[in-house]
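Trainee: I'd like a close look at one part of this model, and then how that part sits in the rest. Could you walk me through it in one go?

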Amino acid sequence: MNVEKFSYDNQIVKLFTIATVIWGIVGMTVGVLIAFQIYLPWLNFDLQYTTFGRIRPLHTNAVIFAFVGNGIFAGVYYSLQRLTKSRMFSDLLSKINFWGWQLMIVAVAVTYVLGITTSKEYAEAEWPIDIMIAIIWVAFGINMIGTILKRREKHMYVAIWFYIATFITVAVLHIVNSIEIPVSLTKSYPIYAGVQDALVQWWYGHNAVAFFLTTPYLGLMYYYLPKAVNRPIYSYRLSILHFWSLIFIYIWAGPHHLLYSALPDWAQSLGTVFSLMLIAPSWGGMLNGLLTIRGAWDRVRDNPVLKFYVVAITAYGMATFEGPMLSLKNVNALAHFTDWIPAHVHVGTLGWNGLLTFGMLYWLVPKIWNTNLFSKKLATAHFWIATLGLVVWVVPMYWAGLTQSLMWKEFTPLGILQYPNFLETVLQIVPMYVIRSIGGSLYLVGAIVMVYNLFKTAQQGSFVANEAAEAPALIKENNDKFNSHRWLEKRPIQFALLATVAILIGGIVEFIPTFLIKSNIPTIESVKPYSPLELEGRDIYIRESCNSCHSQMVRPFRSETERYGEYSKAGEFVYDHPHLWGSKRTGPDLHRVGGKFSNMWHYLHMQNPRQMSPGSIMPSYPWLLEQKLNTELTLNKINVMRMLGVPYADGYENQAVADLQVQAEGIADDLLNSGIVVESDKEIVALIAYLQRLGTDIKVKPAENK
Amino acid sequence: MSAILVLIGFSLFVALVFLGAYIWAVKSGQYDDKYTPSVRMLFDDNKIESEKDKHKNT
């Protein structure tokens, strides 16, 4: 047998490992900061760049794409080479993958802080960065598939299948969700509007959880867990079974994020059914992981790596049990929009992703630096601090979510809301927010302990950049009779990829835009496009990510129609590029806020919310009162909106700025009558115009203001 | 609601790609052996290092 000598590329693993650690600390630090800001709004230091709405997406993107993302790459680049017994396909692609990904992260961080955002959750990056992500992701994909094709091991271990599924699905999700028309280099509108945009967004959002936070990590579990415990996976058969069932079911569960919204009922039910089915494959993975340690539990006692894995896999099991339960409409009615959801998410992220990454790093760093872990004791301490932090994070948030939801829904015996003032329900749970921020801080402290430990480990070891290895070449089957057919059969992945790319490009370019734009045509006659000033105000709402804390979706419950007004109809959102339904009510819903308060109220409220609502936890927005509204893009925005099917008359773009000024002067005059002197060209005027317009298109009886 | 058709289309497409991959995997004998792969992956370190590991364990 012909034994070939080659080497594994550890340099790339090292780079991704370091990036994982650094971004982990950054992302978690921002998370801790916003956890404090939520009850101490002055912690934004009165700077717009550090206000909650701007840095909350920074936190989510940093931990998901920077921390977990680099963790995936580190884990995959190490394990894939060993599983295929080959060096990575191309060192150049590896480098492009690494540096491109870090550049993307920096670009994301800078733009979010500056308020350049699409407002779509977990996909807030603007179009140039979206293109960048797609290119880097494909570079990663080619590198991975190339490595698989030149493998020296005929059998593809189950982890590799998880990696492949991750690559293909994330590519499709990202591209479909990011179809947008640029207004300028830093601003775009998605081609989808309202309900459609919400559906696409949560199809993406849910599957980002599925194929970025779950499948790659299951792949990593199937490699690093057996390695750490030094015994084979409990059932290889089960791993195959649960892999295929997981990927076939996961992609249909997205609509469970939109239960009781304006999405058609049948689509909601579809989401629920598939979400329930997901329990089986998810628990297949969890049990397979835990049972691998069967008979070796004594090793967990003195092996910190295994400790991390055990709690990570258990957290995975809990989160994947809770997920289907939350997809039941009756449970969702209670949990949605509350702190229950962040609690659920953080069991998954802090527990499953975080702890598994830590465990992997404690195993990987000594391996590639060819030494032993610097301190087992510190690693064990980290484990306990992190686990404690996790519990202290999630338990108060479950409590808070349930408490607040019950308060929202509580009626007096006379049939009026028991807590008509939203703020009262917020103040009730502030102590829970305080405890949560302590939990988050603990988790961060644990991670800092890890940095020290890993640094010392690397210092005492000697890094092996190119690890020598040898393996027999894969024997090629001699069968060249049906050339092209055999070629495809032997390269199913290559074939699948080519087909994916071809169909995606064709579909996107020709079919989707026209198809979708046509279907955005209104269904409620009284719903009119936004005026130029309202449109600019809406873009300020997007810039400040108001939708991080305020929903625009009144669900058809009596407790909500009493509080907010008529429930939201799908037809009201046909000009909303993008939709701003939100997913969390840290503050009240705003869909029917139009006309509820005076212009003066909004002005003073934005200047300092505590002037109007003593005790409010909303940050102040003084810069909106000072900054001039930029109308340079207004003309272009109207043009792009018309292109997307919003019926602005031909040539209206030339009149837009003049119209905008007239409307702004009207609002400034009204404010002047209330004793507030403000120039009509300030941003606050546009924002007030938008807020006063919200939900006023359909003629409904306004909810009584109590 | 044409977006939903698009999404179903893309989801089905992804599912079909996976189905194709699954059929290939079964036909090409990837799953003929459902046990040894799980053991073999434990021995993918190079010789020098695995000897060292043995030494460590003793």
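Mentor: Pro578(A) sits in the loop between α19 (558-563) and α20 of chain A. The peptide bond that joins His577(A) to Pro578(A) is cis, with omega at about -5°. Helices here are DSSP runs of H or I of at least four residues, strands are runs of E of at least two, and both are numbered from the N terminus. Before going on, keep in mind that this is a predicted model, where local features need pLDDT of at least 70, side-chain atom pairs count only at pLDDT 80 or more, and totals for chains, interfaces and linings use all residues. Residues are numbered from 1 along each chain as its sequence is written, chains are lettered from A and ligands numbered from 1 in the order in which they are written, and side-chain values use heavy atoms, with hydrogens and water left out.

Now to the loops around there. Ser545(A) is in the loop between α18 (532-543) and α19. Ser545(A) isn't a glycine, yet its phi is positive, about 50°. Its relative accessible area is 6%, so Ser545(A) is buried. Buried means under 20% relative accessible area, exposed means over 50%, and partly exposed is in between, with a 1.4 Å probe and protein chains only.

Asn608(A) belongs to the loop between α20 (599-607) and α21 (609-612). With 26% relative accessibility, Asn608(A) counts as partly exposed. Asn608(A) is ten residues from Met618(A) in sequence, and their C-alpha atoms are 8.5 Å apart in space.

Over in another stretch of chain A, Lys85(A) also deserves a look. Lys85(A) lies in the loop between α2 and α3 (91-113), and this non-glycine residue has a positive phi of about 50°. Lys85(A) is buried because its relative accessible area is 18%.

Helix α2 (residues 52-84) holds Asn61(A). Asn61(A) counts as buried, since its relative accessibility is 7%. The side chain of Asn61(A) makes a polar contact of 3.4 Å with the side chain of Thr60(A). A polar contact is a pair of N or O atoms within 3.5 Å; within protein, one must be able to donate a hydrogen and the other to accept it, and residues adjacent in sequence count only if both atoms are side-chain atoms. Setting aside neighbours within four places in sequence, Asn61(A) is in contact (heavy atoms within 4.5 Å) with Ala66(A), Val108(A), Tyr112(A), Tyr122(A) and Glu124(A).

Stepping back, chain A has 25 helices and four strands. Its C-alpha atoms fill a box of roughly 90 × 55 × 45 Å along the principal axes. Of its 706 residues, 63% count as buried. Take the contacts in chain A between residues at least 6 apart in sequence: 83% of them join residues at least 24 apart.

Buried residues are 45% of the 58 in chain B.
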